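Please read the following explanation with the sequence and the structure side by side.

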Amino acid sequence: MQRVRASIALLLLVPLLAGCGPYLFRQSDRVQILTPQNFATVHQPLTIRWQAADFSAPHDGRFAVFVDRDPMSAGSNIADYAPQDRRGIYVVEATSLHLNLLTPLAGVDPAEQNHHDVTVVMLDRGGARIGEYAGFAEFTVVQ
Amino acid sequence: MTVGSRTGDIIVEVERDQQRHGAEGRAAMGVTGETRVEGFLRELRRHRLGLYAVIALGLLAIVDQFQLNAYVIQGPEISRGLGVPRGLIALLVSLQGLALTLAALPIAASVEGAPRRGLVAKSTALVWSLATLFTGFVANGFGLGALMLLDGATSGSVIAVHQPLLLDSYPTSLRARIVSIYLAFYQAGAVISPLFVALLTGVFLLTWRGVFLAMGGTAVLISLVGLRLRDPGFGRYDEQRLRDSVRGETAAANGGDQGPRPEEHRLRFFEISRRLLMIPTVRRVLLAYAILGMLLVPLNSYFVFFLEQRWGLPPDRRALFFAGVSAFSVAMVLLFARRGERLFRSSPARLFRLAAIVQFAGLCCVGAALLMPAFWAMFAAFGLAIGSFAVVTPMVQSGFLSIVRAQMRPHAAALAGVFLYGVGGIGGSIALGGLDVRYGVVGSVAAVLGVGIFSSIALNSARRHVDRDLDRTVGEVVEEEELQALRRRGARLPMLACRNLDFSYGQLQVLFGVDFTVDDGEMVALLGTNGAGKSTLLRVVSGLGLPSRGSVRFRGADITYLDAERRLPLGITQVPGGRAVFGPLSVVENLRVYAYGYGRDRREVERGIDSAFAAFPRLAERRNQAVATLSGGEQQMLGLAKALILKPRLLLIDELSLGLAPKIVGELMATVRTINRAGVAVVLVEQSANVALTLVDHAYFMERGQIRFDGRAADLVQRTDLVRSVFLEGAGSTLSPAPAT
């Protein structure tokens with residue numbers, strides 16, 4: 001009987017592990033990357049452009065652009081990143097970002113070294129990520 | 001064996017019955033020898049069975065794959081959504097696989113005592129379905145990891161429970177086909193799951209959270225289909241049938257009275273696992289699985305790179321490619337089902353040979369796929385390869401699980417999973433990881449194929465043992481029923497009955513078909529030359545060694561594979577050869593160690609120690625002296641004191657007189673006689689016949705691992721051809737066996 005009770009208690013813990021929050025269950029194009037297009041081949045220097053619906057910077061907040069790294073989770077604050085850990089993170093008010101040089105990625109398969117990705121998320125005025133909305137693109141850079 | 005020996009009466013009768021029931025027993029286990037296979041549906045109708053169990057378990061096997069597929073396919077989206085590193089996503093996949101593999105073992109242990117496989121199958125399915133659903137709500141990496149592990153751990157039931165449950169849900173005439181249908185469902189899961197993800201993301205435009213929610217909800221609904229799953233009982237269609245057949249004959253002879261069964265000593269998890277690993281077919285199949293795991297796990301990874309580099313396939317096309325290959329597998333498994341059934345019924349050995357050939361053909365197809373100049377030819381070759389590997393699984397599983405006792409099948413299935421995914425998969429990833437950097441993708445796949453050939457060789461070697469192992473399983477069941485019948489007929493079963501024991505130290509066999517019995521309160525001598533196997537036989541009786549064949553029964557109950565420490569409470573105690581003492585400890589400390597069997601009852605321990613000192617006053621004088629400083633005779637006294645403390649029912653004494661002066665030997669033997677007079681059965685192993693035969697009235701003589709004499713001690717004395725080697729010179733003429741005690 002004790003085992004059954006323990007199993008039921010464990011089962012009830014499952015939702016707690018899952019937690020709750022402002023989750024996105026349907027795909028949204030609220031933030032959309034315009035250039036480069038997904039899976040495009042581009043030359044350097046390059047400019048990343050995007051658009052966001054129902055959001056205007058700096059009135060509503062700013063954008064955080066993550067190049068070759070994963071963004072923070074919804075609700076997290078950009079200030080949580082230590083200064084030395086901000087490589088590849090750009091916080092901007094405009095809807096574009098100009099990159100002069102993307103260096104080949106280290107520690108990956110040689111065929112994948114020039115394969116990059118970019119993620120754009122929205123931050124509120126306090127620097128916290130708004131929801132799970134994100135624009136994302138993968139592209140290959142011709143060296 | 002000597003004609004008219006007491007051992008022969010019971011054992012010969014059991015062996016005769018085993019031979020009589022041999023063919024019948026094989027037929028009950030599904031090996032009828034026929035090559036004709038009845039139609040599937042007709043056979044189902046004949047047994048008034050439906051497809052519910054196989055469909056329900058098949059559906060559970062499909063939804064089991066939802067979580068992992070959704071996770072792997074949407075890894076980048078999950079990583080971006082939760083802000084967790086991609087390395088963690090990959091790590092969680094490995095941990096989930098590890099949890100799945102390892103959890104199969106405790107899940108097998110959870111069903112070993114009672115038939116509750118149906119309950120375990122449906123409850124775990126409900127848990128993993130909820131875990132999939134709640135993954136849609138995770139807030140961070142910890143929650144994700146916990147749910148992945150929960151999913152993996154509960155999925156262990158698919159490995160440990162599903163197939164054993166199916167085997168007991170359908171008659172043996174459908175066995176290979178039912179396993180094939182179930183595995184076709186499983187393969188279908190590999191097609192359906194990624195397509196379901198594609199549908200939810202591409203058509204219904206769900207995010208990764210939405211996908212988990214939809215797939216989890218679907219999984220919960222489908223798992224409700226399994227709510228009517230019930231455990232039909234262990235071995236319902238094979239062991240039970242065989243028991244009924246044996247029992248039917250004997251019950252008819254006894255007017256239908258079944259009588260009480262002897263107290264059963266149910267094997268525990270590690271005892272069952274160890275017992276399984278002693279079966280030659282099981283060992284070979286597990287080895288084949290381990291090597292196959294080394295092949296299959298890296299093969300898929302390397303082939304992904306091959307598809308990308310050689311054929312330029314993007315991720316979505318690669319997913320479609322693997323879905324197509326899995327569809328190929330489903331078709332091939334279903335096509336082979338009838339042929340597998342025919343082979344299983346006619347000869348499991350042929351089934352294993354075909355499995356080895358098909359697996360080898362699969363390896364050749366992978367090699368061909370690497371060299372194909374056209375894409376569709378490459379697809380066909382790879383599809384044939386993976387289809388061949390899929391076909392091998394039901395063939396091997398139906399043969400492999402059939403030679404194992406029904407209650408041990410969950411353990412056997414779990415061990416197969418551990419060897420395939422754990423030893424093979426993880427070991428292969430470690431051993432073969434990084435090959436592509438050195439040899440390129442094609443070179444890596446070729447290397448993996450080379451390893452795979454050994455798997456086919458191992459499978460092929462299993463065919464040499466499978467018939468014998470099947471007969472052994474049949475023999476065990478028949479023996480249990482026959483002994484029960486003997487009991488009912490009022491036959492007196494010996495306290496200890498060893499039947500047909502084989503034992504090997506590694507490759508060196510030292511016991512050959514040994515039959516040996518001891519009655520209540522009896523003292524028997526076990527004589528033989530040095531290296532004859534006397535001490536080994538004692539080790540098998542006390543549980544320190546496990547036989548590769550045969551049985552050991554104590555008061556009618558099977559204790560062949562019971563751990564030594566579980567035999568102690570039954571009353572079996574051994575005084576090992578040499579000096580059975582711990583030299584650095586004092587006398588009283590040694591006695592306390594012997595009293596381990598009493599547990600924490602300190603008063604009982606002290607009472608036992610007092611009785612030992614009363615029997616051996618010389619030990620009392622040296623109670624705090626280090627045992628290493630005692631004389632040889634005193635050390636043997638201490639060893640014998642173990643018997644006084646543990647109060648055994650059967651005392652096994654190995655070479656008590658070795659290296660001692662005759663006066664000391666006389667004193668020790670007087671103590672042994674006293675112990676025996678108190679009602680304790682004693683087996684006295686001696687190289688020196690003139691010592692042993694003065695005490696006993698029944699003797700066994702062993703030579704080269706076989707019992708050469710089983711009869712009255714007085715008769716053995718006359719057999720100078722046997723005992724010449726074990727008499728001390730000039731002592732034979734003084735021998736006079738003691739009266740029976």
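Predicted model: local features only at pLDDT ≥ 70, side-chain atom pairs only at ≥ 80, totals over all residues.

Strands of a sheet pair through hydrogen bonds of the backbone, and they may do so in a parallel or an antiparallel manner.

The two strands belong to an open sheet of three strands in chain A, whose order is β1-β3-β6 and whose pairing is antiparallel. Because β1 (31-35) and β6 (96-99) of chain A stand at the edges and each has a single partner strand, one side of each is left without a neighbour in the sheet. On average, and with direction ignored, neighbouring strands of this sheet are turned by 20 degrees against each other.

From chain A the reader can pass to chain B by way of the contacts between them, in which 26 residues of chain B meet 22 residues of chain A. On the side of chain B that touches chain A, the elements that give two or more residues are α4 (75-82), α6 (117-135), α7 (141-169) and α9 (208-225) of chain B. The residues of that side of chain B comprise 16 nonpolar, seven polar and three charged ones.

Chain B as a whole contains 27 helices and ten strands, and its C-alpha atoms fill a box of roughly 95 × 60 × 45 Å along the principal axes. Of the 741 residues in chain B, 53% are buried. When contacts in chain B between residues at least 6 apart in sequence are considered, 80% of them join residues at least 24 apart.

Chain B is divided into domain 1 (1-30 + 238-493), domain 2 (41-234) and domain 3 (496-581 + 646-734). Between domain 2 of chain B and domain 3 of chain B, the C-alpha centres lie 53 Å apart.

Is B:Leu51 buried, exposed or partly exposed? B:Leu51 counts as partly exposed because it has 14 C-beta neighbours inside 10 Å, whereas a buried residue would need 20 or more and an exposed one 12 or fewer. Although B:Leu51 and B:Ile178 are 127 residues apart in sequence, their C-alpha atoms are 9.2 Å apart in space.

Key: Residues numbered from 1 in each chain as written. Chains lettered and ligands numbered in written order. Contact = placed C-beta atoms within 7 Å. Helix = DSSP H or I, 4+ residues; strand = E, 2+ residues; numbered from the N terminus. Nonpolar A, V, L, I, M, F, W, Y, C, P; charged D, E, K, R; others polar. Domains from an automatic or database assignment. Pairing = 2+ DSSP bridges. Axes fitted to C-alpha atoms, helices over the stretch in contact; angles between N-to-C directions.
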